[in-house]
Structure formats: structure tokens, C-alpha cells
Amino acid sequence: MIENAISKLATWLSRHSIDVLRVSLGLVFVAFGTLKFFPGVSPAEALSVATLEKLSLGLLSGYAAQFVIAGMEVFIGLTLVTGRLLKTGLVVMTGALAGFFAPYALFFTDLFPGAPTLEAQYIFKDIVLAAAAMVIGARALGARLTPAPSLIFEKPATGPRPVYDR
């Protein structure tokens, strides 16, 4: 009975967990991107604008920079939530993630005046976003998650044992 429940759970997770991850990551991008459309609302506004200003060699600054970041994040989020243009969204996300970590190189002494600032900690959590993007990217490129053969059981008369082919 427990083996059957574990097998069913493993099968369900292998079928749905990456899609749940994709949609939830998309909602995070839509939410944080939407905040950036409104000046003064995003707690990361000053840092993100300063980063894009440096990365664009001054071509983008102020609200123009913020608008580009907001648009990019909402676009990424919508591709993740809907699954449409997903590969394009993942390519854009790759560039965005590089931009997310750029402040560590560009503003290191500001972010780490001793102990890490709240902004430094805010950026650090983007490691989770990058890891989630890698899993979603692998699925978009054809990788599949399957339950381990040891979790698939059949019930012969002598008790449960793993079945290695379905």
C-alpha cells in the first residue's frame, strides 16, 4: 500500500513538478517586473537602474532603464506562465540573470561594506531563480523527469519488488 502511494506520487511529481516550477517562477517575474513599471515602488529600483546604466555604458538611465527592465521581466514571466515563446523567454532570462548578478562585480564595496547589505542578500536569492531556470530550460530542450525504477513497484504473491520496465 505504501509502495503504491509512493509510486503514484513519484509518477505525479515527474509529470507535473517542472510545469508547477515554470508557472510559479513566471508569476515571480511578472510580479517583480510589474512593480518596476511604477517609479518608487520596487525596492530594487535604484540598484537595477544603476546596474543597467553601467551595463549599457550610459545609453539607458533613469525611468528608461527601469522601463526596459520591467518589460523584460514581465515578458519572461508571461512566457513562463503561458509556455508560449518559452525558448525565447529563456534566452532573455539568461541575459537577465547575468544582469541580476552584475551588481556583485559593479558595486561590490557598496553591497559588502562589511556584512552583506539587504540588497546583497536580495541578489543572492537569485541563485534559486537561476537554478529553476536551468531545470525549466532542460525540459524545454527535451529533457524528461522520470521516477526512479526503484520507486515503481508491482505486487507479486511474495511481496513488493521493483519493476524496471514499464
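Helix α3 and helix α4 cross in a left-handed manner. In this predicted model, helix α4 spans residues 86–106, and its axis lies 9 Å from that of α3 at an angle of about 140°. That angle makes α3 oblique to α4. The chain that holds this pair has seven helices and two strands.

**The contact of α3 with α4**

- On the α3 side, the contact is formed by Met-72, Glu-73, Phe-75, Ile-76, Thr-79 and Leu-80.
- On the α4 side, these residues meet Leu-86, Thr-88, Gly-89, Leu-90, Val-92, Met-93, Ala-96 and Phe-100.
- By class, the contact of α3 with α4 consists of 10 nonpolar residues, three polar residues and one charged residue.
- The loop between α3 and α4 contains Leu-85.
- Leu-85 is not a glycine, yet it has a positive phi of about 55°.
- Leu-85 counts as exposed because its relative accessibility is 57%, and the cut-off for exposed is over 50%.

**The contact of α1 with α3**

- Helix α1 covers residues 2–36 and helix α3 covers residues 62–82; they pack with their axes 7 Å apart, at an angle of about 160°.
- Helix α1 is therefore roughly antiparallel to α3, since angles over 145 degrees are classed in that way.
- The crossing of α1 with α3 is left-handed.
- From α1, the residues in this contact are Arg-22, Val-23, Leu-25, Gly-26, Leu-27, Phe-29, Val-30, Phe-32, Gly-33, Thr-34 and Lys-36.
- Their partners in α3 include Gln-66, Ile-69, Ala-70, Glu-73, Val-74 and Ile-76.
- Further along α3, the partners include Gly-77, Leu-78, Leu-80, Val-81 and Thr-82.
- The contact of α1 with α3 comprises 13 nonpolar, six polar and three charged residues.
- Glu-73, Ile-76 and Leu-80 of α3 take part in the contact with α1, and these three residues also take part in the contact with α4.

**The contact of α1 with α7**

- Helix α7 runs over residues 126–140; its axis comes within 10 Å of the axis of α1, and the two cross at roughly 130°.
- This angle makes α1 oblique to α7.
- The crossing of α1 and α7 is left-handed.
- Helix α1 contributes Ser-14, Ile-18, Asp-19, Leu-21, Arg-22, Leu-25 and Val-28, while α7 contributes Leu-129, Ala-132, Ala-133, Val-135, Ile-136 and Arg-139.
- Sorted by class, the residues of the contact of α1 with α7 are nine nonpolar, one polar and three charged.
- Arg-22 and Leu-25 of α1 belong to the contact with α7, and both are also found in the contact with α3.

- Thr-51 lies in helix α2, which spans residues 45–55.
- Thr-51 counts as buried because its relative accessibility is 4%, and the cut-off for buried is under 20%.
- Beyond its neighbours within four places in sequence, Thr-51 is in contact with Gly-99, Ala-102, Pro-103, Leu-106 and Phe-107.
- Lys-54 is also located in helix α2.
- Lys-54 is partly exposed, as its relative accessible area is 47%.
- Not counting residues up to four places away in sequence, Lys-54 touches Leu-106 and Phe-107, and both of these are also contacts of Thr-51.
- The C-alpha atoms of Lys-54 and Leu-106 are 8.0 Å apart, although the two residues are 52 residues apart in sequence.
- Ala-44 is placed in the loop between α1 and α2, and it counts as buried at 10% relative accessibility.
- Ala-44 and Glu-119 are 75 residues apart along the chain, and their C-alpha atoms are separated by 7.5 Å.
- Leu-57 is in the loop between α2 and α3; with a relative accessibility of 77%, it counts as exposed.
- Leu-57 has a positive phi of about 55° although it is not a glycine.

**The chain as a whole**

- In sequence order, the elements follow the pattern α-α-α-α-α-α-α-β-β.
- The chain has 166 residues, and buried residues make up 32% of them.
- Of the contacts between residues at least 6 apart in sequence, 61% join residues at least 24 apart.
- The chain exposes about 10000 Å², of which carbon and sulfur atoms supply 71%.

Definitions and conventions
Residues numbered from 1 in each chain as written. Predicted model: local features only at pLDDT ≥ 70, side-chain atom pairs only at ≥ 80, totals over all residues. Heavy atoms only, no water. Helix = DSSP H or I, 4+ residues; strand = E, 2+ residues; numbered from the N terminus. Buried < 20%, exposed > 50% of the residue type's maximum accessible area, 1.4 Å probe, protein only. Contact = heavy atoms within 4.5 Å. Areas by Shrake-Rupley, 256 points an atom, 1.4 Å probe, with all protein chains shown as cover. Axes fitted to C-alpha atoms, helices over the stretch in contact; angles between N-to-C directions. Parallel < 35°, antiparallel > 145°, perpendicular 65-115°, else oblique. Left-handed = near helix turned anticlockwise from the far one by under 90°. Nonpolar A, V, L, I, M, F, W, Y, C, P; charged D, E, K, R; others polar.
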